[in-house]
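User: I would like to go through this protein model by question and answer. Please give the cut-offs as the terms come up.

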Amino acid sequence: MEKISIIGLGYVGLPLAIEFAKKNYVVGFDINNHRIEELSSGHDSTLEASDEELSKVLNSGNNSNFGLKLTTNIEDIKSSNIYIVTVPTPISADRRPDMTPLIKASETIGAVIKKGIS
C-alpha cells in the first residue's frame with residue numbers, strides 16, 4: 001500500500017493532497033501550524049480547495065486505506081514510502097530563486113527517510 005506525504009500545503013500541495021487522498025492514504029505536512037489548524041477545521045482561506053472537497057477527504061481519514069491527515073509533526077511522515085515536495089521557491093530582488101524552502105524540506109525528509117524506500 002502506498003503512503004504518500006505531501007510536503008507543503010499551498011496552492012500546489014493542497015489540491016494535489018486532496019486528489020491523492022481520494023484513493024490513497026496521504027499525510028499533508030506543513031510547518032505553518034495556523035495553516036494546519038485551519039485546514040483541519042475543514043476550511044481553506046486561500047480558496048485552493050472548497051470546504052466540501054476538503055471535508056470529504058478529511059472525514060475519510062478514519063479509513064486506513066485512504067484519506068488526508070494534516071500535520072506539522074515530522075514523526076507523522078516517517079512511515080511514508082512516497083514523498084512529494086511542493087514548497088515555494090520565491091524570487092529575490094535580483095531575480096534569483098531562494099532555494100531555502102526546498103533545502104529545508106529536503107532536510108526534513110532526510111531526517112525521516114529510511115534506506116530501501118521504494
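User: What radius of gyration does the protein chain have, against the value for a compact globule?
Analyst: This is a predicted model, in which local features need pLDDT of at least 70 and side-chain atom pairs count only at pLDDT 80 or more, while totals for chains, interfaces and linings use all residues. Residues are numbered from 1 along each chain as its sequence is written, and side-chain values use heavy atoms, with hydrogens and water left out. The radius is taken over C-alpha atoms, and the globule rule is 2.2 Å times the number of residues to the power 0.38. For 118 residues a compact globule would be near 13 Å, which agrees with the chain's 14 Å.

User: In what order do the elements of the protein chain run from the N terminus on?
Analyst: Helices (H or I, at least four residues) and strands (E, at least two) are DSSP runs, numbered from the N terminus. The chain has 4 helices and 4 strands. Their order is β-α-β-α-α-β-β-α.

User: Why is strand β1 described as largely enclosed by the rest of the structure?
Analyst: Buried means under 20% relative accessible area, exposed over 50%, and partly exposed in between (1.4 Å probe, protein chains only). Lys3, Ser5 and Ile7 point one way from β1, Ile4 and Ile6 point the other way, and all are buried. Strand β1 (residues 3-7) is therefore largely enclosed, the buried count being 5 of the 5 residues.

User: Which residue in β2 is the bridge partner of Ile7?
Analyst: Two strands pair if DSSP finds at least two bridges between them. β1 and β2 run parallel and are joined by 5 bridges. In β2, the partner of Ile7 is Phe29.

User: Which residue in β3 stands opposite Tyr25?
Analyst: Strand β2 (residues 25-29) runs parallel to β3, with 5 bridges between them. β3 (residues 67-71) has 4 of its 5 residues buried, so it is largely enclosed by the rest of the structure. Opposite Tyr25 stands Gly67.

User: What share of contacts between residues at least 6 apart in sequence joins residues at least 24 apart?
Analyst: A contact means heavy atoms within 4.5 Å. Among contacts in the protein chain between residues at least 6 apart, those joining residues at least 24 apart make up 63%.

User: How far apart in space are Met99 and Phe66, C-alpha to C-alpha?
Analyst: Met99 lies in the loop between β4 (82-85) and α4 (100-112). Its relative accessible area of 35% makes Met99 partly exposed. Met99 and Phe66 are 33 residues apart in sequence, and their C-alpha separation is 32 Å.
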